[in-house]
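Have the sequence and the model side by side while reading.

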Amino acid sequence: MNAREMTRRNVMRLTATGVLGAGLIARVDRVAAMQPTPARSRSIAGKLKTLPEHGSAASQLPRHYGGVDRPPMPTKLDMLPREWRARQTRKLFDTIAKHSVSAVLLRDPNNVTYYTGYSFSSTERPQSVFFNRDDEAPWYFHPMVDNDLIRDGWYGGGRMYFDFPHAAGGFPNDGKVVTGPAVDLLEFMLEGLHEKGVQGGRIGVDGELYPSELAKFHKILPGIAIVDITDDINDMRRVKTDEELALWSRAYVYGDQAHAFARDYLLTYGTDITDLEIKLATELWLQDKLFSELDLAGGLPNRGVGAIGEVEVRVGRVNAYPHPNQPYYARVRRGEPLQVVSYVFVGGCGGENYRMYQIADERGQFDAHGTRLWEVTRHCCDIQLAMQKEGAVCGDIAYAIHKFQVEAGMQDYIYHRPGHGQSTEGHSSPYIALGDRTVLKRNMIFSEEPGLYDPKNGIGYNWSDNIVTGVESGYRMSFTPYSRDWLFVNI
């Protein structure tokens with residue numbers, strides 16, 4: 001199940017159990033009642049649009065686009081066009097020509113989507129895509145369940161099985177109801193490749209094959225050598241194109257707007273609400289805005305693909321753990337940390353955006369120890385920003401950040417590396433980590449996560465953004481502030 005489906009089911013479940021019930025509805029009703037009559041709406045989404053503003057959106061950083069070491073102007077496109085996929089595919093074949101490879105088989109769903117635009121729910125059903133260098137369109141191996149999605153897209157033929165496990169000749173969709181032993185689907189696919197024909201004497205694959213898999217290749221495609229081109233694909237995908245960066249910029253506009261909404265919601269309702277309510281209200285507002293502004297063509301397939309708008313909020317002790325396994329359900333309380341997270345993607349491009357709040361106690365004071373952790377982690381973000389330029393080494397950036405943390409007396413609170421590479425699937429190589437000696441290239445993207453955690457005192461602080469590797473320094477995709485003015489709040 002993908003993240004978007006999980007979000008939809010969670011909202012349905014929480015609505016049924018009353019979490020999205022009287023409290024939230026009563027609050028948005030009160031807000032709606034304060035608005036002029038034309039602005040009122042009977043829907044929850046409509047009422048959320050009337051939330052009182054506390055200047056959060058207006059106080060975000062000015063948006064400056066274009067030029068060296070700044071985000072590009074956001075695109076108006078919803079997705080990367082087919083021409084971009086074809087160009088990247090040609091570039092891949094140019095890259096792997098050094099291996100004398102003229103045919104490629106992709107089995108990783110993320111690689112399939114990157115090169116073809118075909119996005120699917122990855123389950124136990126195997127799927128793959130094949131190119132000969134001279135093919136005009138990709139060839140697919142797929143189950144019947146996704147047949148319409150594939151044929152509506154960039155389609156150059158393929159071989160289909162009914163479902164997993166597949167019985168020989170069993171295609172109820174053609175009126176052929178057959179039961180029997182399961183077909184070996186790898187061999188079934190290879191037989192299709194044999195029928196289609198393989199250009200040259202080598203196939204590049206995106207991953208190492210098991211000996212049993214290699215034996216099947218050699219049996220059905222005798223004389224064809226297998227070459228692992230994973231490193232070539234990874235090197236290519238790490239460096240983002242101008243078109244990808246423009247979609248990244250568009251995604252972060254929505255992410256920043258979600259942060260402004262969440263902050264206004266927090267300042268409006270204070271300790272009357274839970275972190276879960278902030279999450280659900282902001283996520284509903286965000287998704288309603290995002291999907292309403294995409295061209296979904298009335299529900300036609302392959303429209304709005306790769307668009308995700310999700311929010312997480314956690315308050316209090318759960319922030320003291322890097323990867324909590326506790327539910328995020330606690331009332332907003334004074335004197336505690338609060339984290340707001342947005343995950344927004346448009347056309348598969350985008351990423352994470354975390355901000356750490358300090359909430360004043362009943363006296364209007366901020367916890368000294370928490371403030372110190374907050375200040376150190378924020379400065380670590382700036383260290384990465386300054387150092388993340390082409391020619392720098394991942395491990396050297398990590399060293400500088402961890403060195404600063406240790407010198408600041410934070411060694412007891414360090415739990416993880418400062419950042420990871422960012423691609424359409426989220427975490428990807430290389431990493432801002434002590435053991436990674438990758439030399440950075442311009443337009444590589446990394447998260448910034450120099451978190452510090454104190455389980456004993458129940459506090460922790462972790463930020464994130466997407467930093468793009470620049471010429472003189474990195475640049476952030478988000479314009480949501482990192483300032484005390486924005487993140488130290490009295491409620």
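In which sense do strand 8 and strand 9 pair, and over how many bridges? Strand 8, residues 337-346, runs antiparallel to strand 9, residues 349-359, and ten bridges join them. One of the residue pairs to look for is V346 with C349, its bridge partner in strand 9. Bear in mind throughout that the model is predicted.

These two strands belong to an open sheet of four strands in the order 7-8-9-17, and the pairing in the sheet is mixed. Strand 7 (308-315) and strand 17 (488-489) are the edge strands; each has a single partner strand, so one side of each has no neighbour in the sheet.

Now step back to the whole chain. In total, 14 helices and 17 strands are found in the chain. The C-alpha trace spans about 80 × 55 × 45 Å along its principal axes.

Buried residues account for 51% of the 491 residues. The chain exposes about 21800 Å², of which carbon and sulfur atoms supply 51%. As for charge, there are 55 positive and 61 negative charges, and their mean positions lie 3 Å apart.

Next, turn to a residue in a helix. R85 is part of helix 4, which covers residues 82-96. Is R85 buried or exposed? Its relative accessible area is 8%, and a residue counts as buried under 20%, so R85 is buried. Leaving out residues up to four places away in sequence, R85 touches L80, T113, Y114, Y115, T116, G117 and W154. T50 is 35 residues from R85 along the chain, and the C-alpha atoms of the two are separated by 41 Å.

Which residues does N490 contact, apart from its neighbours within four places in sequence? The contacts of N490 are with L267, A360, G364 and F366. G347, by comparison, is 143 residues from N490 in sequence, with 38 Å between their C-alpha atoms.

How values were computed
Residues are numbered from 1 along each chain as its sequence is written. This is a predicted model: local features need pLDDT of at least 70, side-chain atom pairs count only at pLDDT 80 or more; totals for chains, interfaces and linings use all residues. Side-chain values use heavy atoms; hydrogens and water are left out. Buried means under 20% relative accessible area, exposed over 50%, partly exposed in between (1.4 Å probe, protein chains only). Accessible areas come from the Shrake-Rupley method with a 1.4 Å probe; for residues, only the protein chains shown count as cover. Lys and Arg count as positive and Asp and Glu as negative; His and the chain ends are not counted. The place of a charge is taken as NZ of Lys, CZ of Arg, CG of Asp or CD of Glu. Two strands pair if DSSP finds at least two bridges between them. Contact means heavy atoms within 4.5 Å.
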